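Please read it with the sequence and the coordinates at hand.

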Amino acid sequence: MEDLVANIEKWGDDRNLHDPKAQLNKVIEEVGEIAHQINRQQYGGDLADAVGDTTVTLIILANICGLDFKECLGVAYDAIKDRTGATVNGTFVKEA
């Protein structure tokens with residue numbers, strides 16, 4: 001995984017992807033593709049591609065902003081790992 005993230009960061013650097021606003025627009029575009037697949041209940045290869053593309057855009061965005069993608073994941077997991085709550089209508093709702 002570390003090599004893959006490093007390869008994606010290099011790919012973005014090699015293509016001069018350094019504008020966080022432009023990269024955020026790519027993230028949003030790719031999330032839209034996920035929504036398109038989910039709304040059509042199509043959970044196959046096109047959804048996998050959209051999830052992968054979204055992850056790539058997030059890795060590049062983190063890199064542009066001087067963040068380590070793996071550390072970002074760690075921060076997010078640390079915030080949720082002990083969270084309690086309940087799933088309501090398919091969505092996890094944390095306790096207050």
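## Loops with positive phi

Asn16 lies in the loop between H1 and H2, where helices (H or I, at least four residues) and strands (E, at least two) are DSSP runs, numbered from the N terminus. Although Asn16 is not a glycine, its phi is positive, at about 55°, and with a relative accessibility of 60% the residue counts as exposed; here exposed means over 50% relative accessible area, buried under 20%, and partly exposed in between, with a 1.4 Å probe and protein chains only. The model is a predicted one, in which local features need pLDDT of at least 70 and side-chain atom pairs count only at pLDDT 80 or more, whereas totals for chains, interfaces and linings use all residues. Residues are numbered from 1 along each chain as its sequence is written, and side-chain values use heavy atoms, with hydrogens and water left out.

Asn89, found in the loop between S1 and strand S2 (91-94), is not a glycine either and has a positive phi of about 50°; its relative accessibility of 80% makes it exposed. Asp82 belongs to the loop between helix H4 (69-80) and strand S1 (85-88) and counts as exposed at 63% relative accessibility. Its C-alpha atom is separated by 25 Å from that of Leu58, which is 24 residues away along the chain.

Helix H2 (residues 20-39) has 20 residues and should span 28 Å at 1.5 Å a residue, which agrees with the 28 Å between its end C-alpha atoms; the expected span is 1.5 Å times one less than the number of residues. At the start of H2, a side-chain oxygen of Asp19 comes within 3.0 Å of the backbone nitrogen of Lys21, and H2 is followed by Gln41, whose phi is positive, near 55°.

Gln23, Val27, Glu30 and Gln37 are the buried residues of H2. Seen down the axis of the helix, they fall within an arc of 80°, so they line one face of H2, the arc being that of the directions from the helix axis to the C-beta atoms. Lys21, Asn25, Ile28 and Asn39 are exposed on the other side of H2, while H3 is included in what covers the buried residues. Among those residues, Gln23 counts as buried at 6% relative accessibility, and a polar atom of its side chain lies 3.2 Å from the backbone oxygen of Thr57. Leaving aside neighbours within four places in sequence, Gln23 is in contact (heavy atoms within 4.5 Å) with Leu17, Thr57, Ile60, Leu61 and Ile64.

## The largest nonpolar core

The largest nonpolar core has six residues, Val5, Ile8, Ile59, Ile60, Ala62 and Phe69; such a core is a set of buried Ala, Val, Leu, Ile, Met, Phe, Trp, Tyr and Cys residues joined through side-chain atoms within 4.5 Å. Helix H1 (2-14) and helix H3 (45-64) each supply at least two residues of this core, and H3 gives the most, with three residues. Ile8 touches Val56, Ile59 and Ile60, when residues up to four places away in sequence are not counted.

H4 has twelve residues and reaches 17 Å from its first C-alpha to its last, close to the 16 Å expected at 1.5 Å a residue. Asp68 caps the N-terminal end of H4, with a side-chain oxygen 3.0 Å from the backbone nitrogen of Lys70.

Four salt bridges are found in a search of the whole structure, a salt bridge being a side-chain nitrogen of Lys or Arg within 4 Å of a carboxyl oxygen of Asp or Glu. One of them joins Lys10 and Asp14 (2.7 Å, N to O), which both lie in helix H1, four residues apart, about one turn of the helix; Lys10 is partly exposed at 49% relative accessible area, and Asp14 is partly exposed at 47%. Another joins Glu29 and Lys26, with the closest N and O atoms 3.3 Å apart, and these two residues, three apart in helix H2, are separated by about one helical turn. Asp78 also forms a salt bridge with Lys81, the closest N and O atoms being 3.5 Å apart, and Lys81 is partly exposed, with a relative accessible area of 44%.

Key. A polar contact is a pair of N or O atoms within 3.5 Å; within protein, one must be able to donate a hydrogen and the other to accept it, and residues adjacent in sequence count only if both atoms are side-chain atoms.
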